[in-house]
Amino acid sequence: MSQKPQSLIHVSNLCKNYGENRILRNVSFDIEGGDLVSVIGPSGCGKSTLLRCLNCLEMLDQGEITIDGVCLRAADHAKDEDLFWRLAHCLRQNVGMVFQEFNLFPHKTLLDNIVLAQVVVKKENPKMAQKLASTLLEKVGLGAFGERFPWSLSGGQKQRAAIARALAMRPKVMLYDEPTSSLDPEMVEEVLQVMRDLDLEGMTQIIVTHEMRFAKDASDYIVYMENGEIIEISDEDEIFINPQDDRTRRFLKRYM
Amino acid sequence: MKRFFSLILLFIACELCANDAVLRWAADTESGAPNVFYEDESLAKLTGFETDIIERIAAIIGRKAVFCQNDYDVLIPGLQRGLYDVVINGIVTGSGNERNILFSKPYYACGLALVIRSDEEKIQSVLDCNESTVGILRDARSETILTDSLKKVKVVFYPNEYCALSDLNDGRVNAVLLDWQIAAYYVGKIPNLKIIDEIGESRYSIVAPRSSGKLIAQIDRAIDKMKADGSLEVIIAKWNLRNGHCEKLLAGGSGEQLADSAPTITKPRVQYAKILPLFAKAAVVTLTISILGMFVAVVLGLCLAIIRIYAPKWISFFAISIIEFLRGTPLLIQLFFVFYGLPRIGITLPPMVAGIVTLGINYASYEAENFRAGMAAIPHGQMEAARALGMNQWQSLRYIIIPQAFAFILPPLTNDFIALLKDSSLVSLITIVELTKMYSLTASNSLDFFGTGIVVAAIYFLIGLPFVRIARWAEYHLKLEKRAYSSRKGKKF
């Protein structure tokens, strides 16, 4: 290929509106494989929406998203809706998502939660799927909980199970939408530890978070968003020690 | 399940065996005496003077008489629908819609009889009935006669003669005007009643569809033959139904008197042991219709709900219209429409199928709304999580949303099943003999609406009960908290 090597995630001029309300305004960034990126910013700044757009849970109104070579253009949706959603489906295959509210399937055991999508979407052999599910549960420290239902678990355990479920699809990118926001403080650390471990293994991760300490310690980059725009992208130390923008400074003052 | 299907097949087979070797004849045995009725409450053997006549006719024309039960009100529609070949059930010659049916030569004649209590003093003839209450059957003739000549008479309609006559006995009406031969039969059986007046004359014919000209000609010849050889008179005499009108009709035949001993009909003591097997059979029919009907309702309801929520707007609007329409029209009308109306456009369903389909689509509208509510109750995050894992919309519904919704709506679903079980009694109106029909058949035969009523109510209740238990059990096992709880039973929290 003569093309210059593209970054794993490439977003350009992404716009998203809810009616008159402009949630994302011309958001552009690149993320290299293996990076751990934290997205911070005040409530309502559009960071969750950005994440959901990356997974096509929200329709993008303008701009384009490329993840691992699959390119999704808002303009294509108008032209050929069918093709767009087929591409979106391809794109999703490379992206795992973890939600603030866990969204485990309450009618299934942890193992079945993890096995289901493998069998249904990837047509994986159920035996193999089961094996992978056990391995992943082991990895997030829930090896003994496979037969339990989500209801009987603590918040931290549920979130770790949700991460295992996303990993079972062998994604290239993991997205976390405020993964620790609905957890009791003493359970936050066990979830963050799983993400640190994944970082060491080279997983690309984007985390929308309010955990400034974790953002500072663990991430390669920090993205600061406000009002639907990316205000600042920087090295983790840089942004905490010497914020370039007034708005970033004001926001961080409240947290640090 | 196998048995249910074989039962349906049997019904379909009945539909198909319309060959020439048999003469399928229909009547309503409910309160059918003395025309066509069962000998006792075991419903094993048909009897009645019309039964005797039609069997003799069938023998003469060389066919085997096969009886088909149908409700009196829909005997003629059933005939046009091809459910059977002829109707013999006190149909008055030339009555009803003559364009669509053929009448045979009359085989019997009588007038209308006025029945009063023995101790009644005011009423001595029909003309005395002004300012009194007179009971009649669902029969336009009696009403016309009464209201034309008497301006102040109050007319009360009764579904059957037994109700009319026992109400007369109880004093709710002053007199009852009904076909003489029915009055003659009952007056001996119900104490304190007497016939005091007779008016008008009606002749009874066998009827066949317009297209059966050949058959009616054969029947006419058979009736002539029976008049000639005296067998018609013998039958009429056997049932003690001779009267002046009938003598006139028979004039021309040989006047031979061959009076058999008149059948002694005494009100028997009801033997419940005898009717239980019948009710068991009827209960199987009720169950078959209800279970298959509910199955249709759940499947169709789920489809409608999914279409309503997820399909493009105009298709979803279509689904909403169907749901609203089905919910907004009476089940009975839908049933009549499907069974008697659709044949007009070439869709002729066997009774069982028509019953199941109608109950199914009617209840589908309710189940669709149940499912919609159930699916709406599932948090949006469930769908998002499924989509984020790469499942398409259908897979997300199939594996994530619907199973959870199902657990939610089990209680209303059970409710609807019980309601459907009871509504299944309506299919008795499309010739199916299920529990309710069996009740009115046996009770009108044994004249025991009380005891039989308790028995049949108990059967309905007992049929419904296991389903309520099953639903409770399923609810318990589908409820997630409960399931989690049960797996922790015995452990300390």
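This is a predicted model: local features need pLDDT of at least 70, side-chain atom pairs count only at pLDDT 80 or more; totals for chains, interfaces and linings use all residues.
Residues are numbered from 1 along each chain as its sequence is written.

**View 1. Helix 13 of chain B packs with helix 15 of chain B.** Here residues 351–376 (helix 13) and residues 393–423 (helix 15) of chain B pack at about 140 degrees, their axes 8 Å apart; axes are lines fitted to C-alpha atoms, over the stretch in contact, and angles run from 0 to 180 degrees between N-to-C directions. The two helices are therefore oblique to each other. Their contact brings together 16 nonpolar, two polar and three charged residues.

**View 2. Helix 11 of chain B crosses helix 13 of chain B.** Helix 11 covers residues 313–328, and the axes come within 8 Å at roughly 120 degrees. That makes this pair oblique as well, therefore. Look for Ile323(B), Leu326(B) and Arg327(B) of helix 11, which meet residues including Ile361(B), Tyr366(B) and Glu369(B) of helix 13 (contact means heavy atoms within 4.5 Å).

**View 3. Helix 17 of chain B, from residue 449 to residue 478.** With 30 residues, helix 17 reaches 43 Å from its first C-alpha to its last, close to the 44 Å expected at 1.5 Å a residue. Among its buried residues are Gly451(B), Val455(B), Tyr460(B) and Ala474(B); buried means under 20% relative accessible area, with a 1.4 Å probe and protein chains only. Their cover includes helix 10 (272–310), helix 15 and helix 16 (435–446) of chain B.

How values were computed. Chains are lettered from A and ligands numbered from 1 in the order in which they are written. Side-chain values use heavy atoms; hydrogens and water are left out. Helices (H or I, at least four residues) and strands (E, at least two) are DSSP runs, numbered from the N terminus. Angles under 35 degrees count as roughly parallel, over 145 as roughly antiparallel, 65 to 115 as roughly perpendicular and the rest as oblique. Ala, Val, Leu, Ile, Met, Phe, Trp, Tyr, Cys and Pro count as nonpolar, Asp, Glu, Lys and Arg as charged, and the others, Gly among them, as polar. The expected span of a helix is 1.5 Å times one less than its number of residues. Buried means under 20% relative accessible area, exposed over 50%, partly exposed in between (1.4 Å probe, protein chains only).
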